[in-house]
Amino acid sequence: MYDVNKIREDFPILTRKVYGKPLVYLDNGATTQKPHCVVDAMVDEYYNVNANVHRGVHFLSQKATDLHEASRETVRRFLNARSTNEILFTRGTTESINLLAFSFGEAFVKEGDELVVSEMEHHSDIVPWQMLCERKGAVLRVIPMTDEGLLRLDAFADLLNERTRIVCCTHVSNVLGTVNPVKDIIRLAHGHGVPVLIDGAQSTPHFSVDVQDLDCDFFAFSGHKVYGPTGVGVLYGKEEWLDRLPPYQGGGEMIKNVSFKKTTYNELPYKFEAGTPDYIATHALAKALDYVSSIGMANIYEHEQDLTRYALARMREVEGMRIFGPEEQHDAVISFLVGNIHHLDMGTLLDRLGIAVRTGHHCAEPLMHRLGIEGTVRASFGLYNTREEVDILVAGIQRVAQMFL
Ligand code: 7TS
């Protein structure tokens, strides 16, 4: 049985108060809170193991290297990748996508080529591709969505042609909660020989991902959104693609031999990991992935779906409530507006009640343009949220709404 109260005991921050009120943390889409085991792993490694990885013959360096490489294996298992050569450590989703946009762009994109993103992407899956387009004279194409917030696969199929080089799409929208049909998108793109990057920043915390089953070519996620530390993330890439891409950054670790005449590059995955990695964070990320896996991603999904369904129903009781995103295929993210109340006013007043939500454009300005709004209020759930917290949120929204009557 899913014992949410027991799970909450693993997260010390959840017992704190803000403005004298119990914290109701509903900003998990931005970042998640950390369980004991993650923070303990960091403290323990700094106190007892700390040494630079991959370069020492001494005991501590070998220990730290073992932990770092074991973490790569944990990530491989979490994503069900074929090999640890396919798991690159980065600083997060943003760096993963910048790495890919640079390296892929250098190898495969030239003037007049086309890149495809969706209308509901986070800025970090738009801007690196726009920068690539500027560098190379390529063209960015956009998969449109319906008013409900579902990607239009018919329009997507029409976008694909012999100039298309890559398709980049978020697994779950950080604003609408839409779970995109990425398997269909990948199948259609592969029909044209086009590789696909999936932005998994908002899917990895909520349900299990199998990159082999998806058959995506690249997959990015951030540690801090899946109960791990900040400063670490992952880019998965199929080995046959990564082998053909040039390095992103130069420096230590990514080389085989350096001379002033010619430098040769290291093997996968090190070719893409210049400099000292955040080995404390990779180890703690592995602890976070072990933690969610021990609860079970399927159980987390079921719990959060229950919460989302409950929240959607309860929030609709509020007069003037407008909820964005589809009815079905809706993950644990709810964006809303009430009447004419500005999102910032709603967020600020909810905060005074101890309720942490996010407001604004959520780094998805093109999506805001499509919806014809400036921003929304967003409640996003994690594995430790409860129905009682949803009730507190709804009561809070009602209280704010009354102030504006
Ligand atoms: N992609 C998606 C879909 C995201 O939601 C985010 C962060 C990113 C990429 C970037 O991740 P980072 O860890 O590299 O910053 N999204 C949000 C959010 O919705 N609120 O704060 C950050």
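How far is an oxygen atom of the ligand from an N or O atom in the side chain of H224? The distance is 2.7 Å.

## Basis of the model

This is a predicted model, in which local features need pLDDT of at least 70 and side-chain atom pairs count only at pLDDT 80 or more, while totals for chains, interfaces and linings use all residues. Residues are numbered from 1 along each chain as its sequence is written, and side-chain values use heavy atoms, with hydrogens and water left out.

## Residues around the ligand

The ligand is surrounded by 16 residues, each with a heavy atom within 4 Å of it. The closest are T94, D199, S222, R358 and R378. By type, the shell holds two nonpolar, ten polar and four charged residues. Here Ala, Val, Leu, Ile, Met, Phe, Trp, Tyr, Cys and Pro count as nonpolar, Asp, Glu, Lys and Arg as charged, and the others, Gly among them, as polar.

Domain 1 (4–30 + 296–403) and domain 2 (39–293) each supply at least three residues of this shell. The domain bounds come from an automatic or database assignment.

## Polar pairs and cover

Two further pairs involve D199 and R378. An N or O atom in the side chain of D199 is 2.5 Å from a nitrogen atom of the ligand. In R378, a polar side-chain atom lies 2.6 Å from a ligand oxygen atom. On its own the ligand has 490 Å² of accessible area (Shrake-Rupley method, 1.4 Å probe), and the protein covers 87% of that area.

## A cis peptide bond

L268 and P269 are joined by a cis peptide bond, with omega about -5°. P269 lies in the loop between β12 (264–265) and α10 (279–295). Helices (H or I, at least four residues) and strands (E, at least two) are DSSP runs, numbered from the N terminus.

Technical notes:
Polar contact = N/O pair within 3.5 Å; in protein donor to acceptor, adjacent residues only side chain to side chain.
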